[in-house]
Amino acid sequence: MESKVEAVGILGTGRCMPEKILTNNDLEKMVDTSDEWITKRTGISERRIIDEKTPSRELGIIAAQKALQNAGLSAEDLDLIIVTTATPDYLTPSTSCMIQNGINAKKAAAFDMNAACSGFIYGLTVAQQFIMNGTYKYILIVSCEQMSRVTDWKDRATCVLFGDGTGAAVLGPVEKGNGIIATNIGADGSVGRSITIPCCYSNDEDREKRVNDKINVINMDGSEVFKFAVKVMDSATRKVLDYAGVSIDDVALIIPHQANIRIIDGAAKRLDVSKDKIFVNVDRFGNISSASVPVALDEAVESGRIKKGDYVVLTGFGGGLTWASALIKW
Ligand code: UT7
């Protein structure tokens, strides 16, 4: 099949966040922590928590419908749905298949992928290939996360950090010179044990690391991940800029994975970029894993912080460990 597509871009974005807000003051009543510690060490003031009876795909369906509407497309136009998640409702059926049914995207193929918090940018990279090579025209990416369901609410080292939410984007062909200019994705499995959420298998080390009996919860070596994150967001971003011959001064906005304001500040310092060029919502949502970047992107578009022709960098890191950056001309 011969490709006639010269560039692939984001045609529309959407998000859907749970209504329930969990504040630092609420957490003070649950574990030995303080608003002061959480704010100072992470920049997080509150996070959203999904309702007990709601599966995350339901929020994902709303985010997907908004993204389609903003793209001026309908579900029947979609050729493929990629869901990025480290916290699916079921191992099977995949969340993507359930969203395909929920939005009635009859002709779309569907699969889930897990690159943890780097998932959305991994998803962009995969979707771009399918469209560039002419296999598909329109692809929906939905990032669905329900971190509260893999959180040990008695472990203060992790329970203050995460939140729930969903973000979506529709990709398709755009004019030459626009859209996704470059991506850089990578992984280092040798340090993968620094973030674990056991699923169908666990060993003695996994059990020893957990505070309570619950095994299918997150455990993290925070400071290891912190050092890794600052380094890889800097290097992956430099790689996409170098590849495109674009200077950091020409970038209008950087949307980093929202895990900790100190990680974001550290990466900004290494990149030598001023804080007003960095989008931040970690204070309101905490770390929502792969949904973090598309939710921030949708907020940035909605608030007018991204204009046509702007260079935008998306960058993230996460479990695996993985990292990813993308340079987009909007
Ligand atoms: O999306 C990818 C997923 N992960 C991340 O992005 C996480 C990256 N890492 C981080 O964001 C930071 O490392 C954390 C926020 C997790 C921790 O911050 P830190 O500055 O590295 O703190 P620490 O782990 O070195 O802990 C410092 C102290 C310890 O007490 P001692 O040993 O100094 O007495 C902890 O026990 O803070 C204590 N501590 C807390 N105190 C109050 C840890 N968690 C809490 C808490 N409230 N929630």
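Helices (H or I, at least four residues) and strands (E, at least two) are DSSP runs, numbered from the N terminus. With that naming in hand, select Asp272, which lies in the loop between α9 (261–271) and α10 (282–285). Its phi is near 60°, a positive value in a residue other than glycine. Asp272 is exposed, with a relative accessible area of 66%; here buried means under 20% relative accessible area, exposed over 50%, and partly exposed in between (1.4 Å probe, protein chains only).

The model is predicted: local features need pLDDT of at least 70 and side-chain atom pairs count only at pLDDT 80 or more, while totals for chains, interfaces and linings use all residues. Residues are numbered from 1 along each chain as its sequence is written, and side-chain values use heavy atoms, with hydrogens and water left out.

**Stop 1: the open sheet**

Select the strands of the open sheet, which has 5 strands in the order β1-β7-β6-β4-β5, with mixed pairing. Two strands pair if DSSP finds at least two bridges between them. The edges are β1 (8–16) and β5 (109–113), each of which pairs on one side only. On average, neighbouring strands of this sheet are turned by 20° against each other, direction ignored. (Axes are lines fitted to C-alpha atoms, for helices over the stretch in contact, and angles run from 0 to 180 degrees between N-to-C directions.)

Now take two strands of the sheet, β4 (residues 80–84) and β6 (residues 139–146), which pair in the parallel sense over 5 bridges. Select Leu80 and look across to β6: its bridge partner there is Ile139.

Contact means heavy atoms within 4.5 Å.

**Stop 2: a pair of enclosed strands**

Move to strand β11 (residues 251–256). Because 5 of its 6 residues are buried, β11 is largely enclosed by the rest of the structure. It pairs with strand β12 (residues 311–318) in the parallel sense, over 5 bridges.

**Stop 3: the nonpolar cores**

A nonpolar core is a set of buried Ala, Val, Leu, Ile, Met, Phe, Trp, Tyr and Cys residues joined through side-chain atoms within 4.5 Å. The largest one has 31 residues, of which Phe120, Leu124, Leu171, Ile255 and Leu314 touch the most other members. Helix α5 (residues 119–132) supplies the largest share of this core, 6 residues.

Select Leu124 and its surroundings. Not counting residues up to four places away in sequence, Leu124 touches Ile10, Ile141, Leu171, Ile180, Leu314, Ala326 and Ile328. A second, separate core has 28 residues, including Ile49, Leu161, Phe162 and Ala259.

**Stop 4: Ala236**

Select Ala236 in helix α8 (residues 222–244). Is Ala236 buried or exposed? Its relative accessibility is 1%, so Ala236 counts as buried. Leaving aside residues up to four places away in sequence, Ala236 touches Asn184, Trp323 and Ser325.

**Stop 5: rings**

The structure holds 2 aromatic pairs. Select Phe130 and Tyr136: their ring centres are 5.2 Å apart and their planes are at 50°, so this pair is tilted. Rings of Phe, Tyr and Trp (its six-membered ring) pair if their centres lie within 6.5 Å; planes under 30 degrees apart count as stacked, over 60 as edge-to-face and the rest as tilted. Phe130 is partly exposed, with a relative accessible area of 25%, and Tyr136 is partly exposed at 23%.

For a charge over a ring, go to Arg284, which lies over the face of Phe285 at 5.0 Å from the ring centre. The criterion is that NZ of Lys or CZ of Arg is within 6 Å of the ring centre and within 35 degrees of the ring normal.

**Stop 6: backbone details in loops**

Select Thr92 and Pro93. The peptide bond from Thr92 to Pro93 is cis, with omega near 0°, and Pro93 sits in the loop between β4 and α4 (95–103). Another cis peptide bond joins Gly320 and Leu321, with omega about -15°. Leu321 is placed in the loop between β12 and β13 (322–329).

End at Ala116, in the loop between β5 and α5. Ala116 has a positive phi of about 50° although it is not a glycine. At 12% relative accessibility, Ala116 counts as buried.
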